Amino acid sequence: LKSYCSMLGQVPNTDIYVDLKTHKNAIQLENIKIFRYSGSINFATSSGFKKNLFDNIGIDHRVIRRASLCESHSEARGFGNGIRILIIDLSSVAHIDMSGYRTFIEIRNEMKLIDVKVYLANASDCVYDSLIRATKLGLPFFECFSTVHDAVLYTQCRNENKDYHRFQ
């Protein structure tokens with residue numbers, strides 16, 4: 001099976017998120033990118049997943065490298081291209097292995113360099129179990145929401161998608 005990915009937008013005044021390319025009435029939320037990947041994320045597909053993610057959110061990997069060389073977080077903040085939050089929708093991911101989970105950690109670490117927070121959402125029971133298993137093996141924990149809308153509301157409630165000067 002060939003993998004597929006898309007950027008999601010919100011159907012106005014609903015908790016529904018759909019492919020921005022095929023649903024013209026969907027809107028891109030300010031400072032939030034929502035990426036959906038369909039397929040498995042494993043040792044064979046994780047580099048392709050990561051490349052698709054960066055291509056779709058519009059961040060060139062060279063920008064991450066430049067941000068890593070910055071002296072301060074405020075200097076690196078401008079590299080994020082207006083993105084403050086990245087939500088990865090896992091609803092169409094059938095399986096994730098340890099290599100896939102480590103790819104999520106790499107992505108989160110790289111996004112942190114440009115002051116972008118990464119959240120996971122909509123994991124199936126099987127994928128969620130894999131995420132829990134990874135943390136039990138000592139890998140860092142991810143905040144994972146039951147729906148994309150829950151993740152969006154959480155970031156809006158915490159005011160994380162506004163341009164402010166706090167860095168964790």
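**Disulfides.** I searched the whole structure, a predicted model, for disulfides, taking as one a pair of cysteine sulfur atoms within 2.5 Å, and the search found 0. For the notebook: a disulfide is a covalent bond between the sulfur atoms of two cysteines.

**Ground rules.** The model being predicted, local features need pLDDT of at least 70 and side-chain atom pairs count only at pLDDT 80 or more, while totals for chains, interfaces and linings use all residues. Residues are numbered from 1 along each chain as its sequence is written, and side-chain values use heavy atoms, with hydrogens and water left out.

**Cysteines.** Cys5 is buried at 18%, Cys126 is partly exposed at 42%, and Cys157 is exposed at 69%.

**Around Cys5.** Cys5 lies in strand β1, residues 4-10; strands (E, at least two residues) and helices (H or I, at least four) are DSSP runs numbered from the N terminus. Beyond its neighbours within four places in sequence, Cys5 is in contact (heavy atoms within 4.5 Å) with Phe35, Arg36, Tyr37, Asn52 and Asn56. I also noted that Cys5 and Ser38, 33 residues apart in sequence, are 5.9 Å apart in space from C-alpha to C-alpha.

**Strand β3.** Next I followed the pairing of β3, residues 32-41, counting two strands as paired if DSSP finds at least two bridges between them. With β1 the pairing is antiparallel over 5 bridges, and Tyr4 has Ser38 in β3 as its bridge partner. With β4, residues 85-89, β3 runs parallel, joined by 5 bridges, where Lys33 is partnered by Leu86. With β5, residues 93-96, the sense is again parallel, over 2 bridges, and Ile41 has Ile96 as its partner.

**Ser46.** Ser46 belongs to helix α1, residues 46-57, and is buried, with a relative accessible area of 8%.

**Whole chain.** Finally I recorded that the chain has 6 helices and 7 strands, in the order β-β-β-α-α-α-β-β-α-β-α-β-α from the N terminus. Of its 168 residues, 43% count as buried, and of contacts between residues at least 6 apart in sequence, 74% join residues at least 24 apart.

Technical notes. Buried < 20%, exposed > 50% of the residue type's maximum accessible area, 1.4 Å probe, protein only.
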